[in-house]
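Student: I am new to this structure. Can you show me how to read its features?
Tutor: Gladly. Take a look first.

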Amino acid sequence: MGKIERMLTTMMLGAAITATAFAAPAFAAPDRASAQSDDAQAGDAQAGDAQTGDARPAIALSQGWRFHFGDAPGSVTDARFDDRGWEQVSVPHSWNHIGAYALTRGTETDNRQGVGWYRLWVDAPPAKSGERQYLDFAAVGKLAEVWVNGRHVGTHKGAFARFRLDVTEAWKPGQRNLVVVSADNSKVEPGSSTSEVIPLSGDFFVHGGIYREVSLLQLPAASIDPLDFGGPGVYAYAAKITPESATVEIRTKLRNAGAAPRNLTLATEIRDARGKIVARSVQPVTLAPGASEQRANVNIARPHRWNGRADPYLYSVTSTLSDGKARLDRVSQPLGLRTFRFDADAGFFLNERHVKLHGVSRHQDALGSGWALTPEQHAEDMALIEELGANTIRQAHYQHADAWSDLADKAGMVVWAELPYVTTPSVSGGQGSEALWTNAEQQLREQIRQNYNHPSILMWSVGNEVDSAKGFGVKGSPPKPLALLQHLNAIAKEEDPHRPTTFADCCEGLTLVQTAGEKLAGTADLIGYNRYYGWYYPNPLQARTDLGDTLDKFHRDHPALPLSLSEYGAGGAISQHSDNVRNGFVNFVGRPHPEEYQAWVHEQTWPSIARRDFVFASWVWAMFDFSSDLRDEGDAVDLNDKGLVTADRKERKDAFWFYKVAWSDTPALHLAGKRYVDRAYPVMDVKAYSTASSATLAIDGKPIGTAPCAEFVCEWKNVSLRPGANTAVVTATEGGKTLRDTARWNGPDVERNGLRINSGSLAGLDLGTRQFGSDTFVTGGKPVVLNLVGFGGRSMAPIRQVDAADPALFDYWRDGAAFSYDIPLPNGQWTVTLHLFEPRKTSSPDQSLAVKANGQPVIEGLNLLKEAGAPLKELVRTFPVTVLHGRLILDFSSVSGNAALAGIEITR
Ligand code: GCB
């Protein structure tokens, strides 16, 4: 590791980090921007040259591939190998299929990890003299080996970056060429092919395959360099921006693959959003064999700034290399002119205007497609994020597609880009091997060069939660991430001195997770904290204050460090519902994950973020549910369900609507809980989200009342529902505008079907003809679960080991020496059935449990263990009650030992 250590430098900036404008790859600028440009100064574009697209001749190699997963003989790279039995596929392609909204894995699941083989015959066009042939892979998961006509032409390690290979020596222009690719996403473990290629872990599934596009580039011997870590070869930076002018420094990397020097011309042009040339530089270049770099400075008069979502104005920069007779090569990139800075106290400033950044994290993953996303899918995702009202996106946890960053530029999103140095810093322990460092460094250089010109990207993250490995099942002493983190930070500064670095911390100050004790805060210029108050940590009901206090403490502890909340959130399943989010057990990597609970966590935590200016940004984890073969949670398998939108993009969860309202700059109103149609109880708390100060509710035309909307939440408690359909209408007035939303809820027929409570559970339980609502109407005791299978394996599922007629009812229960239910119930005679048990193997022989109904003893001196005959055995107790005042009060009290109640059924 000597070399690495020598290269290691720590670069820390002070409290306020200032950076200036940028350039980036862009194609047509957005309509709304183009209409505003009137900055043309330097002359009009030549006819036919006005398009700013990458004018390189690229031949898409998307159709006609053959694919096979698993072992292949050595002859697989040979022309004579017979692949007719292989599957026919087109790229983008991945063999993996992870995740479903189902409780068990179906046959569509494909979580195979290993080597997938791809073969393609290409009828190559003829080549001009001296022309070079390059294969361009936009990404292959996770390791790629490439052969052309039987000859090995390259290796690439890393699942997310573009790479290009000069295959000229193996290529046969004008003939049929065989391209063979192996894609390897083997499980990371010591000694495996992927064990020194980041990421080493994470709850997202690393899909295997050629999951982004492949193309063939044919370039003259002298060209803009295609081999610059897969980058565009053209890098622009706006060094100075004033209202009068902007100075843009453009570096163009060139490559002369010939043997003799060449006298050429390099023209660099900047076009405005309408395609009009506003600045130009033309330089004679004497190009020696090999790689070189040219610099040009140009001035743009009266620059039009890229101003985030308010006005994401894009210029483009185009470098054209010619030899006096003809154009040799041309590359166009997007250019956005902006200044920005992060201040430890005041937050984020774009073009010297304070902007509170609020947004989401996004994985490149959709149900059914996995990572092989189409341009339309990228566009759909961006449209949803725009609809939500976010102004920032965290690209979790790795480099995203060019198409995605182009969309972010055009939408005006501020982007946190991230290196996949995630969770596990090394499989070999300590600071990681030299091979690992080399790979992480390579992936970082690729990411920065390939994305340098995107104006939306404002920070480079060099890692995520690498302080957490010990907490997630790594054996032995905790690995030490700090040295590599520092190294990567230095590399990022070297590659791009103009953007700040950042890092997402898991564990500072948390006692839940054992780390190596290294202090990571301050390694990068900025920091993000991933914190899940209301979810992973104790006392979920204190989410609001715990988050606020923690943010304040971090700010006090690191007064010069601009800080953000890089992750927060909760799981949400659209088919699981809660009547009272405060009463059930939160099984954070299991089931259930009621939609209402997720929304509540966001309602609680957002105000703690919103009122703290020093929190320069926050990102909800996550925008979409995403594939994770470590999880069985909510109503899904192999999905992380913390998305605001389902993985199929079909359903916006209540938490989505909360943010859509909270982040809206126009009047908004939305009724929550619309998906919980068949209600378990004859009363419900109705909730709406609104920007208005109050809202009015009516059910079936009957006024219920006007409620204040504090922090965007308007609530009506204990609203009665009639059996059958109830139509709710909520209205509000704001700024002279009347807002309205409706929902339809079916009230239960309690007279006929009774009323049932799933004690201890956050969600209801449907047992066919018997519908239990989630635990509610209760005070005292606490919700408990039996034997969760621990974190580190798959999800935490209660082991169903209670000998009971309906074991699912016993997944969670209410436990305590004293608790009491106050249940709304029509007057008259009822029969109450209690589902009790003794969860403890040894309990006090003296236990004596008493239950009173409306003050009258109905059970006395009950010893749960003795009566049931064994622990974990259901004990049913039934008694009649008479209700006189619309309420049934059940008091449980236990001497020596606790009452353990799994469910209550009340029937006529
Ligand atoms: C985290 C990780 C992220 C996980 C998330 C979760 O802290 O950074 O990759 O998906 O938590 O849902 O647990």
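**Reading the cavity, the domains and the ligand site**

Tutor: Start with the largest cavity. Its lining takes at least three residues from domain 1 (44-224) and at least three from domain 3 (353-665). Keep in mind that this is a predicted model.

Student: Which residues line the largest cavity?
Tutor: Among them are Asn96, His97, Ile98 and His207. The run Asp365, Ala366, Leu367, Gly368, Ser369 and Gly370 also belongs to the lining, and so does Ser627. By class, the lining has seven polar residues, three nonpolar and one charged.

Student: What domains does the protein chain have?
Tutor: The assignment gives domain 1 (44-224), domain 2 (231-338), domain 3 (353-665), domain 4 (684-747) and domain 5 (750-907).

Student: How many residues of domain 2 and domain 3 are in contact?
Tutor: The size of an interface is often given as the accessible area lost when the parts come together. Here we count residues instead. Domain 2 contributes 18 residues, in contact with 23 residues of domain 3. The C-alpha centres of domain 2 and domain 3 are 34 Å apart.

Student: Now the ligand. Which residues are closest to the ligand?
Tutor: His397, Glu465, Tyr536, Glu567 and Lys642 are the closest, in a shell of 13 residues. That shell holds five charged, four polar and four nonpolar residues.

Student: Which side chains place a polar atom by an oxygen atom of the ligand?
Tutor: Asn464 is one of them, with a polar side-chain atom 3.0 Å from a ligand oxygen. For Trp621, a side-chain N or O atom is 3.1 Å from an oxygen atom of the ligand. For Arg631, the corresponding distance is 3.0 Å.

Student: How much of the ligand does the protein bury?
Tutor: Alone, the ligand exposes 320 Å², and the protein buries 92% of that.

Definitions and conventions: Residues numbered from 1 in each chain as written. Predicted model: local features only at pLDDT ≥ 70, side-chain atom pairs only at ≥ 80, totals over all residues. Heavy atoms only, no water. Near = heavy atom within 4 Å. Polar contact = N/O pair within 3.5 Å; in protein donor to acceptor, adjacent residues only side chain to side chain. Areas by Shrake-Rupley, 256 points an atom, 1.4 Å probe, with all protein chains shown as cover. Nonpolar A, V, L, I, M, F, W, Y, C, P; charged D, E, K, R; others polar. 1 Å grid on protein atoms, 1.4 Å probe; cavity = no way out; pocket = protein on both sides within 12 Å on 5 of 7 lines; lining within 4 Å. Domains from an automatic or database assignment. Contact = heavy atoms within 4.5 Å.
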